[in-house]
Amino acid sequence: MSIIPNILFAIILIAGIGYFTLNVKKLVRNIKLGRDVDVSDNTPIRWKNMTRIALGQSKMVKRPIAGFLHIIVYVGFVIINIEVLEIIIDGLFGTHRIFSGLGTLYGVLIGTFEVLALLVFVSVTLFWIRRNIIKLQRFWKSEMKGWPKADGNIILYFEMVLMALFLVMNATDVHFQDMQNGNVISQFIAPLFNNFSQATLHIIERSAWWLHIIGILVFLNYLYFSKHLHILLAFPNTYYGKVKPKGELDNLESVTKEVMMMMDPNADPFATPPENESAEEEIVKFGASDVQDLNWVQLLNAYTCTECGRCTSECPANQTGKKLSPRKIMMDTRDRLEEVGKNIDANKGVLNDDGKQLLGDYITTEELWACTSCNACVEACPVSIDPLSIIIDMRRYLVMEQSAAPAELNNMMTNIENNGAPWPYNQMDRLNWKDE
Amino acid sequence: MNELLKVPTMAEYMAQGKQPEVLFWVGCSGSFDDRAKKITKAFVKILNQAKVDFAVLGTEESCTGDPAKRAGNEFLFQMQAVTNIEVLNAYEVKKIVTACPHCFNTIKNEYPQLGGQYEVMHHTQFLKSLLEEGKLTIAGGQYKGKRITFHDPCYLGRANNVYEAPRDLIRKLEAELVEMKNCKSKGLCCGAGGAQMFKDAEKGDKEVNVERTEQAIEVKPDIIAAGCPFCNTMMTDGVKAKDKEAEVDVMDIAELIANAQDL
Ligand code: SF4
Ligand code: SF4
């Protein structure tokens, strides 16, 4: 028996996993470009959120049809991948169906996989129909052109092919069909191959087997370039997702320091800051104009976004035809972060100023100012993404670094400063209502 | 109605060496906006009737800073916050009630880190607690059998998960509570939050408040109930834009209760 296939298999396996690891490292590096943020609080709640939202898909089922189909694909995909373990052992050691010795249990396992494979196939087909024939509105918004649109379909084809290969592999495996154990679905496909010679059958079976495992490795490596990264990132993302009430925006600490100084009658405004702090303090920029100004959870959010558009379809600004789309905010953030990452790769680890930034080159001020901060997008997101926090951080940059708020907002703020109310009324008149 | 409102201030309480049970935080809208002032008064009438020991800050109150913060001006927000907190802490305030969800959210969630720790309640929560304590009774009165739909203010609902208190109060009025297609956590914004109240909307096909009002009108209500002075303005404008002022009223829950009691 030749061991060439085994060696070939090992090489493909190592290459596949190796390339994936490389990309994961890049991913982690890019995410770490973000500012630090303390997420060590509320550990029990965070675990609970992850279990409920990512593992339990609790937010997916808010839209019952999509939720149900998604759960099938999700469960199916996870469970069928147990089969990969057998494939790897067989591939490396030249065995055939090493686990078949388990007898009835093996039958039950493979039988389950086959049923799931069929269910996944059907669900994915329905997803495809929903996307391409029913043309569900949220998959056809302006930000869903080109790659994002293709990406959504590619993954569906991928899964169809992988599931089909799995069933064909079982159907053409004479040895497996002879066992009459677990081939609950493939027994109905097997007759299609009735007139084939033993040799041809064997070739088909081997081809399906190889394509199946290669397909899985390709799929794994495709993830990095796709919105399907959510398969992996949904877990950390729901763990690190917001645990505070949705209405609570963070209070910028850098601002607190300055405000406390200004308010403290004993503070010496001309004092130089203590040595150790000054270096770090100087670079603090208020708000965000580019991806490095966001915190790493926001960047993780961007990589996790599945482009499902649930946020955008709930956004009141978007529903009334304004340019704002929270999904686009997330996609822009990811695109810009990728661009920055590539720049760093090309320049041996340092970022060469490319004259671009997230604000302006990707996200326009018109989008930012259209947000009502209603949190509908945050509520809708099935994987705990917070587009609103990015919008607010960018508004902060516009207002505090650039004094670039719309004129009416400047009036409002001047009023607050002078009169303690957003309107030009005198603070001394605050109780007038009592006697009116 | 002619009876004078009793609205003691914290300063007056202090002068007498007393401390009220609860501070009523009126908010900018409730203090200055003509429509919202009516809500403020309605709420005070109920407090007076229920003999609640409360006080207001009056001229010592200032904007919480919510619109500044959401517009991106964290400086101005924190200046406002720190000043307000100083005043509140000087009076040793423990418990605050407000009819504005924006003030509610800011004081409840964003002040603690800056040194302001209080028990904060939205007026619908507070009214419900008065009911439970038996200090207030609500009989259906003029709203019995009326179709009322409730517009969830984003800063009360999604922002802080308060969905039931206002609804419980509406049910107490023996009214028929009808829900819009977007309600509770899926409620549609009125369009005022995030400092939008103070500027023109960006270009689009429609104003948000009109869209929301259409959703409300779809369920054919006699009254659109709100729990936020800003929502109230937006929905009132929406009803006007749809020429429905004759059929649909926009009312705050506090007003509904005050009216039902003939206060
Ligand atoms: S918070 Fe802003 S972006 Fe999100 S749904 Fe509301 S208006 Fe849209
Ligand atoms: S942010 Fe969330 S809801 Fe919006 S497209 Fe991305 S995954 Fe979907």
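Colleague: What are the ground rules for numbering and confidence?
Modeller: Residues are numbered from 1 along each chain as its sequence is written, and chains are lettered from A and ligands numbered from 1 in the order in which they are written. Side-chain values use heavy atoms, with hydrogens and water left out, and in this predicted model local features need pLDDT of at least 70, side-chain atom pairs count only at pLDDT 80 or more, and totals for chains, interfaces and linings use all residues.

Colleague: How are H1(A) and H13(A) arranged, parallel or oblique?
Modeller: Helices here are DSSP runs of H or I with at least four residues, strands are E runs of at least two, and both are numbered from the N terminus. Axes are lines fitted to C-alpha atoms, for helices over the stretch in contact, and angles run from 0 to 180 degrees between N-to-C directions. The axes of H1 (4-31) and H13 (296-304) of chain A come within 9 Å and cross at roughly 135°. Under 35 degrees counts as roughly parallel, over 145 as roughly antiparallel, 65 to 115 as roughly perpendicular and the rest as oblique, so H1(A) and H13(A) are oblique.

Colleague: Which residues of H13(A) make that contact?
Modeller: Contact means heavy atoms within 4.5 Å. By class, the contact has 6 nonpolar, 1 polar and no charged residues. Ala, Val, Leu, Ile, Met, Phe, Trp, Tyr, Cys and Pro count as nonpolar, Asp, Glu, Lys and Arg as charged, and the others, Gly among them, as polar. H1(A) brings Leu27(A), Asn30(A) and Ile31(A), and H13(A) brings Trp296(A), Leu299(A), Leu300(A) and Tyr303(A).

Colleague: How much of the annotated span 105-129 of chain A is helix?
Modeller: An unreviewed UniProt entry lists "transmembrane region" at several places in chain A, including 65-85 and 105-129. Such annotations may be inferred rather than shown by experiment; positions follow the numbering used here and feature names are shortened. Residues 65-85 of chain A are 95% helix, with end C-alpha atoms 32 Å apart. For 105-129 of chain A the ends are 36 Å apart and the chain is 100% helix.

Colleague: How many charged residues are in the shell around ligand 1?
Modeller: A residue is near a molecule if one of its heavy atoms lies within 4 Å of it. The surrounding residues include Cys315(A), Cys371(A), Cys374(A) and Cys377(A). By class there are 9 nonpolar, 3 polar, and charged residues number none.

Colleague: Which helices give two or more residues to the shell around ligand 2?
Modeller: That shell has 13 residues, the closest being Cys305(A), Cys308(A), Gly309(A), Cys311(A) and Cys381(A). By class it splits into 8 nonpolar, 2 polar and 3 charged. The helices are H14 (310-314) and H16 (326-346) of chain A.

Colleague: What is the strand order of the open sheet in chain B?
Modeller: Two strands pair if DSSP finds at least two bridges between them. The edge strands are E6 (176-178) and E8 (249-252) of chain B. E7(B) joins E8(B) through 4 bridges. Pairing is parallel, and the order is E6-E5-E7-E8.
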